[in-house]
Amino acid sequence: MGIKRFFKNKIKDYNFIRNKRKLSVNHFDLDFFKSRPFNFTSDSDPLISIIIIVDQKVKDTLNCLYTIAQGDEEVSKEIILVNKNPSEDLSVYLKNAKGLTIINASLDLIKDVNKAITLAAGKYICLLDQETEVQKNFLSSLLEVFKAKENVGAVGSKIVDKDSNIDHAGYRISKDSQFVPVGKRFSIDTPEFNFLRKVDFCVGSLLFSRLDKNGEINLLDEKLSDVHSAQADFCLRVKLERDLDVFYQPFSEVVRLGDSDYSEIFSGEDQVRLTEKYISNYKNIGISKNLEIYIGNNFKKPSFLFLEENMPKPDQDSGSRRFFEILKILQRNNHHLILAVKHYDESTDRIYVDFFRGFGVQVCVDYVSSQNKIKKVADQVIEAIKTVHVIWIFRPLGFDYWYDLIRDKVEGKKIVYDMVDLHYLRMERENSFIEVSKNREKEIALFKDKEYAGMHRADAVISISDEEKKIVSANGIEYNKIFTVSNIHKPVESATVSFSDRKGLLFIGGYNHLPNIDAVKFLFNEIMPKVWEKDPSIQIFIVGPDFPEDLKLKYHSDRFVILGFQESVDFWFENSRVFVAPLRYGAGVKGKIGQALEYKLPVITTSIGAEGMGLEDQKTALISDENSESFAHKILELYHNENLWKNLHLNSTLPLSKFSIEAQEENIKKMLNYFYDERL
């Protein structure tokens, strides 16, 4: 490394540490609140009732209320204060507050909290500590779990201390009946504690439904004396007695300003009562001491580490859609999933980091530890290898990079090479349409060498189609270790739009992928001019991300419409008359065609586009050769022949059975059973 680059990296690291994320804490003095009345809701039917136990710390109470008022404006809420030590000071500041009720507490605190729950108007109850300042979207993030997951009993926040380190990211119970705060004193951005996951219980900020599934009010156990013990008990009850899940939501962040430690709370009679009540459930499944900071055994073996070149973007390309569907299958079977990518761009990839973390995937990104040290992704991968069983690596260059990093650390682990498609085969096919140089031939040979090297080194190989499985097995890869895990497609319940009400042709793709660029050029230069000679009224819509600006300037018109990335593609699949995919080269299964079939949108494609899809010409699609005259003729035929269109429309979903969730789940199980005796 040159001296300039060395110092440049040092400066970059210094700035990265200096910009370490810290949560905001206001903690205004009382004067700040004299002219600031609180208004929490004008709705008589709030969604959430926030219950806070307060004492004489008026400033803490007002600052807590102020931070609640600053965020989650779209969530209707009311506040109920259970006042342990009635104070005139508090009533003075809150006398004009709207959406706020004060209950003066008795000697039995848990009974008073239950009274507040009974009086609450919200569909959900949020129990929140007084000495806290909540961050933006702390409520909506908790609510999101109830919307996204089934079988949810309660959801807790990430509790953070004054130094912006984790106080706890949920609690686990150990085999020797200790209540272990997960992640304590780790940085708030530590990836191990920044994904949605199940825990034994949460305290300090807890959301749950006011009514259970039988319509009974969810109340705390009045035999307990401390509200945190009662929250722990409530979580354990819904887990063990009602078979509901308790989740920790890292996107809901709450700063706790108190000096006391939560671990001191679980002591005395409450500790004894909780231990006697639940420890028999944890003697065999509780975490071991050496896993006290880890997520423990809420997951089923095997656990998976996914290593990619670039951040998967499921809304932008079919390969990423396939990746996400694989994750969904594994998560449904309760496996721990970790993702790391070689190339990461904060400006474009952060949204997908949050997406996968919100789904329940541990995503590795560079972060600053609580000791102000940068933890790089590569270091996190090395650490993760110690805890995972299967390392699933994608694409030849990705395998080459990651395997070189981990090769001496993977003893006892199973390595999977996922080819995604055969890169060298796609490039060989592309040669028919470009000028081939000596460097090009060397590049193809390099890719082929890397692909087969990865397959030989891996314990299992994943192909995207049976056709590619046959090709690589014919080239020396053991047939029994190749498993086909293809794209996942299922029929979409979409709006019914008749043949006559539809118009235009549709092509969709990601334009960092050269076969898609070639298809658009083929359409513009050769196919559509022949179509327009017969019917100049036919429009074509080009959808998808990363379309080159120079081509857009050249191609875009009222008839050849470059739409670019669309957040939702439903409208275009539901209202276009024909999907066209004039692919002249490529490899693998074409997700764009599968997507069209999902929407029952009749497809015209080439033999390359139909490869691996199980399409039948004239029955489930129209299949053309790579001749522009032929392709244009089929467009005109299908565009104007309603009977043919209806026949393809009705048969479109027939090829999807081989791409079903069930079929791919079975294929993944076959691979795991190849590794292990136990099943998913």
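Trainee: On what basis are the features counted, and what is the mean pLDDT of the protein?

Mentor: Residues are numbered from 1 along each chain as its sequence is written, and side-chain values use heavy atoms, with hydrogens and water left out. In this predicted model, local features need pLDDT of at least 70 and side-chain atom pairs count only at pLDDT 80 or more, whereas totals for chains, interfaces and linings use all residues. pLDDT is the predictor's confidence in each residue, from 0 to 100. Of the residues, 95% reach 70 or more, and the mean pLDDT is 91.

Trainee: How many residues of strand S2 are buried?

Mentor: Strands (E, at least two residues) and helices (H or I, at least four) are DSSP runs numbered from the N terminus; buried means under 20% relative accessible area, exposed over 50% and partly exposed in between, with a 1.4 Å probe and protein chains only. In a regular strand the side chains alternate between the two faces of the sheet. Lys77, Ile79, Leu81 and Asn83 point one way from S2, Glu78, Ile80 and Val82 point the other way, and all are buried. S2 (residues 77-83) is therefore largely enclosed by the rest of the structure, the buried count being 7 of the 7 residues.

Trainee: Which residue of S2 stands opposite Ile51?

Mentor: Two strands pair if DSSP finds at least two bridges between them. Strand S1 (residues 48-54) and S2 pair in the parallel sense over 7 bridges. The residue opposite Ile51 is Ile80.

Trainee: Which residue of S26 stands opposite Ala581?

Mentor: Strand S25 (residues 578-581) and strand S26 (residues 603-606) pair in the parallel sense over 3 bridges. Opposite Ala581 stands Thr605.

Trainee: How far apart are the end C-alpha atoms of helix H8?

Mentor: Asp317 caps the N-terminal end of H8, with a side-chain oxygen 3.2 Å from the backbone nitrogen of Gly319. The expected span of a helix is 1.5 Å times one less than its number of residues. The 15 residues of H8 (residues 318-332) should therefore span 21 Å, and the model agrees, with end C-alpha atoms apart by 21 Å.

Trainee: Is Ser164 buried or exposed?

Mentor: Ser164 lies in the loop between strand S6 (152-160) and strand S7 (166-168). Leaving aside residues up to four places away in sequence, Ser164 touches Arg21, Lys22, Leu23 and Ile188. A polar atom of the Ser164 side chain lies 2.9 Å from the backbone nitrogen of Leu23. With a relative accessible area of 4%, Ser164 is buried.

Trainee: What is the relative accessibility of Ser465?

Mentor: Ser465 is placed in the loop between strand S20 (460-463) and helix H14 (466-474). Beyond residues up to four places away in sequence, Ser465 touches Thr484, Val589 and Gly612. Ser465 counts as buried, because its relative accessibility is 5%.

Definitions and conventions:
A polar contact is a pair of N or O atoms within 3.5 Å; within protein, one must be able to donate a hydrogen and the other to accept it, and residues adjacent in sequence count only if both atoms are side-chain atoms. Contact means heavy atoms within 4.5 Å.
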